[in-house]
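Let's take a walk through this one together. Have the sequence and the 3D view open, and follow along from one spot to the next.

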Amino acid sequence: MKLLQRALGPATLVTLLGTFIMGMWVTPKATMLDGGGDLVRMLYVHPAVAWVALYVSFGTTTVASALYLWRRTRSVVMDRIAYCAMEVSALFIFLTLVTGSIWGRPAWGVWWAWDARLTSTAILGVFVLGYLALRRANGDPEARARRSAVFGILIALDIPIIHFAVVWWKTLHQSATVLNSTGNVLVHGSMLWTLLLSFVAFTLLFVWLLRFRYRLEVMRETSQQSRRDVAVAARQREGA
Amino acid sequence: MIRTALLVARKDLLIEARSRVLLWQVLPFGLLSLLLCGLALGPAQAGKSSAAPGLFYLVMLFVTLLMINRSQGVEHAAGTRESVAVLGLDPAGVFLGKTLALTVELWLTGAVIVGGAVLTLHTAFAGTVAALPSIAVALGAMAAAGTMYGALTAGIDGPATLLPVLTLPAFAPLLVAGERSFSSALHGGALWEWWVIMLVALVGYLAIGVLLYGVLEDS
């Protein structure tokens with residue numbers, strides 16, 4: 001386990017570097033009229049970032065929240081994982097929107113469109129901000145954990161809407177090219193391998209960030225507790 | 001559970017009927033908001049505007065936020081929570097009862113605001129009547145979501161400011177679906193996809209509320 005933890009950082013860096021090299025120099029430019037030449041290289045960043053933002057980090061938060069609410073598995077660890085995953089998710093949702101916007105400007109001619117996929121993703125971003133606001137609004141740790149767990153599950157209702165937005169409505173955003181209903185992968189050769197490598201790289205980056213954020217949260221709680229202990233001891237000395 | 005739901009709904013509606021907060025505070029606020037929306041559009045545009053469905057749902061959003069705070073506020077009167085705990089009421093029933101009461105209150109307010117929209121924004125009467133079922137479902141879903149979010153923010157610091165932050169993203173798909181179905185009823189267009197969103201949201205929030213409302217009451 002310790003070896004895995006030690007290997008996580010280097011593995012993340014190596015896969016990110018591999019994605020960068022493959023994406024910049026090994027994979028070809030787009031040749032089709034709508035491909036946009038070098039613009040196609042966004043393929044190795046945006047989908048992977050979105051994958052982490054929508055599925056990996058939210059999946060982590062939802063599962064951890066559900067496990068917290070289930071009495072048998074209720075523990076502060078689950079609460080911390082849900083919270084930390086949500087914070088990391090905020091970063092990835094922001095990156096999803098920014099990289100999507102950078103890709104959208106030359107492809108669609110606008111930085112932002114009121115498209116179902118884009119709008120529902122932006123709504124998810126606001127939900128995450130709401131979650132973080134809720135975490136900071138309540139003093140009692142147990143009540144805060146319960147409320148956050150319920151809200152974490154409520155937010156998950158937005159994920160199917162985002163996922164199926166491109167199917168349910170006519171959208172500017174393209175439909176799924178790898179995990180589509182036909183099972184026919186619409187990306188080929190080196191592009192497909194680079195795309196898959198980018199998914200692995202950004203998933204590892206998420207796990208790496210989550211691990212660091214979790215440790216930071218434990219340290220914050222410990223420091224808060226020791227400050228409280230010092231304050232209580234000082235009051236007791238005053239009373240004595 | 002159903003018996004508890006009816007009991008709680010009756011209690012909430014009786015409180016509203018006796019306090020007249022809905023009649024003297026919420027309804028005037030809703031109508032004033034509608035008039036202000038008309039003024040913002042200007043006299044030339046207000047009468048022929050296609051924005052009426054959107055304005056209706058915007059006003060209903062403000063009203064709903066007020067009503068959610070009100071619905072949770074009555075539970076926080078001194079001793080109410082303790083009494084409910086001692087009675088051993090089923091939390092799922094309490095959730096359904098509060099949702100039912102809020103739905104009825106929103107339907108009543110919505111009926112008045114729709115009437116106001118027909119009068120002041122010259123919304124076509126036949127189209128508005130055709131939109132009523134979708135309005136009823138949208139407001140029901142907003143009531144179910146609002147009851148959950150109201151319980152989520154109840155008893156913490158600054159619930160009045162936190163509630164809109166949490167509920168607006170949740171209401172957004174409902175508002176879009178409601179507005180589109182209202183517009184389709186007025187001007188024609190596809191309806192089913194908007195109905196699907198509203199019905200899925202209604203069923204989803206009811207299911208989550210029945211399962212998790214007890215957790216929020218405990219906290």
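**Starting at Ala46(B)**

Leaving aside neighbours within four places in sequence, Ala46(B) is in contact with Gly38(B), Leu41(B), Thr120(B) and Leu121(B) (two residues are in contact if their C-beta atoms, placed from the backbone, lie within 7 Å). You'll find Ala46(B) in helix α3 of chain B, residues 43-46 (helices are DSSP runs of H or I with at least four residues, strands are runs of E with at least two, and both are numbered from the N terminus). Ala46(B) counts as partly exposed because 19 other C-beta atoms lie within 10 Å; buried takes 20 or more such atoms, exposed 12 or fewer, and partly exposed is in between, with C-beta atoms placed from the backbone. For a sense of distance, the C-alpha atoms of Ala46(B) and Met148(B) are separated by 35 Å, and the two residues are 102 apart along the chain.

Before going on, a word on what you're looking at. This is a predicted model, where local features need pLDDT of at least 70, side-chain atom pairs count only at pLDDT 80 or more, and totals for chains, interfaces and linings use all residues. Residues are numbered from 1 along each chain as its sequence is written, while chains are lettered from A and ligands numbered from 1 in the order in which they are written.

How confident is the predictor? The model scores ipTM 0.79 and pTM 0.83. Chain B has a mean pLDDT of 85, with 95% of its residues at 70 or more (pLDDT is the predictor's confidence in each residue, from 0 to 100). Where pLDDT is low, the predicted coordinates should not be read in detail.

Now for the inside. The largest nonpolar core has 110 residues, and Phe56(B), Ala141(B) and Met198(B) have the most contacts inside it (such a core is a set of buried Ala, Val, Leu, Ile, Met, Phe, Trp, Tyr and Cys residues joined through C-beta atoms within 7 Å). α7(B) gives the most to this core, with 14 residues. Not counting residues up to four places away in sequence, Ala141(B) touches Leu174(B), Met198(B), Ala201(B), Leu202(B) and Tyr205(B).

Stay with α7(B) for a moment. Of its 29 residues, 21 are buried, so α7(B) is largely enclosed by the rest of the structure. α7(B) also bends by about 40° at Leu132(B), with Pro133(B) following within four residues; the bend is the angle between axes fitted to the seven residues ending there and the seven starting there. Just after α7(B), Gly155(B) takes a positive phi of about 80°.

Two loop residues are worth a look too. Arg20(B) has a positive phi of about 60° although it is not a glycine, and its place is in the loop between α1 (2-19) and α2 (21-41) of chain B. His122(B), also not a glycine, has a positive phi near 55° and lies in the loop between α6 (91-120) and α7 (125-153) of chain B.

Finally, where the chains meet, the contact takes 19 residues from chain B and 21 residues from chain A. On the side of chain B that touches chain A, α9(B) gives the most, with seven residues.
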